[in-house]
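The sequence and structure come first.

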Amino acid sequence: MKEIFKSLASTAYFIVVLLIVHFVWRAGFSEGHDLSGNEIVTFYGGDVTSFFSVISGWLTKAVYDILASCTSMAIELKKSAIYLVEQQTPIKIVWNCTGVKQIGFFMLLILCYPRHSWHKIWFILAGVVVLFAVNILRITGIIYFCDADISRFETLHELSKYVYYGIIFLIWILWDWKIAANRK
């Protein structure tokens with residue numbers, strides 16, 4: 001019975017932190033255009049466009065490099081998008097697909113964990129690396145499977161978000177059940 005309660009409490013903690021991050025994210029971020037027509041992203045009024053542009057650029061380049069070296073897809077890197085030559089369609093990795101929200105959620109989840117532990121530092125660093133790599137693979141997979149039929153994009157994009165959160169949950173379970181539990 002104690003194990004069931006612990007599992008339910010851990011899952012509830014995960015969900016509560018997830019909801020807090022989600023609502024803070026939704027309330028704080030907005031996108032629009034400046035007077036010149038350039039896209040801008042703000043967080044509670046502060047311009048964070050350049051931050052997300054850098055991360056989007058890294059992701060786009062990483063995804064392009066993987067697709068160009070591991071597949072025979074006809075693709076081009078154009079500005080901040082991967083252009084599918086046969087589909088004549090650009091796929092742009094936008095600010096909201098950078099994984100920043102999910103990585104921030106993961107970091108907050110571990111940082112706010114009730115026990116004090118130096119193991120949080122290495123686990124957060126390892127988790128951030130894993131989540132960034134998973135996001136690269138997630139985006140690479142979406143683009144790869146859209147090469148033959150771009151109409152798959154929305155379905156693949158939506159499904160992959162749930163898989164991404166599922167991976168975060170598995171990393172959380174690893175932390176809660178194995179790492180933190182062994183550090184009492």
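The notes below cover the basis of the model, then the helices, then the strands.

## Basis

The model is predicted: local features need pLDDT of at least 70, side-chain atom pairs count only at pLDDT 80 or more, and totals for chains, interfaces and linings use all residues. Residues are numbered from 1 along each chain as its sequence is written, and side-chain values use heavy atoms, without hydrogens and water.

## Helices α1 and α5

Helices (H or I, at least four residues) and strands (E, at least two) are DSSP runs, numbered from the N terminus. Helix α1 spans residues 2-28 and helix α5 residues 153-179; their axes come within 11 Å and cross at roughly 130°. Axes are lines fitted to C-alpha atoms, for helices over the stretch in contact, with angles from 0 to 180 degrees between N-to-C directions. The two helices are therefore oblique to each other; angles under 35 degrees count as roughly parallel, over 145 as roughly antiparallel, 65 to 115 as roughly perpendicular and the rest as oblique.

In contact (heavy atoms within 4.5 Å), K6, S7, S10, T11, Y13, F14 and L18 of α1 meet Y165, I168, F169, W172, D176 and W177 of α5.

Strand β1 (residues 29-33) pairs with strand β2 (residues 39-43) in the antiparallel sense over five bridges; pairing requires at least two DSSP bridges between two strands. F29 stands opposite F43 in β2. Five residues lie between the strands of this β1 and β2 hairpin, where G37 takes a positive phi near 90°.

β2 also pairs with strand β3 (residues 46-47), antiparallel over two bridges, and T42 stands opposite D47 in β3. In the β2 and β3 hairpin, with two residues between the strands, Y44 takes a positive phi near 45°.
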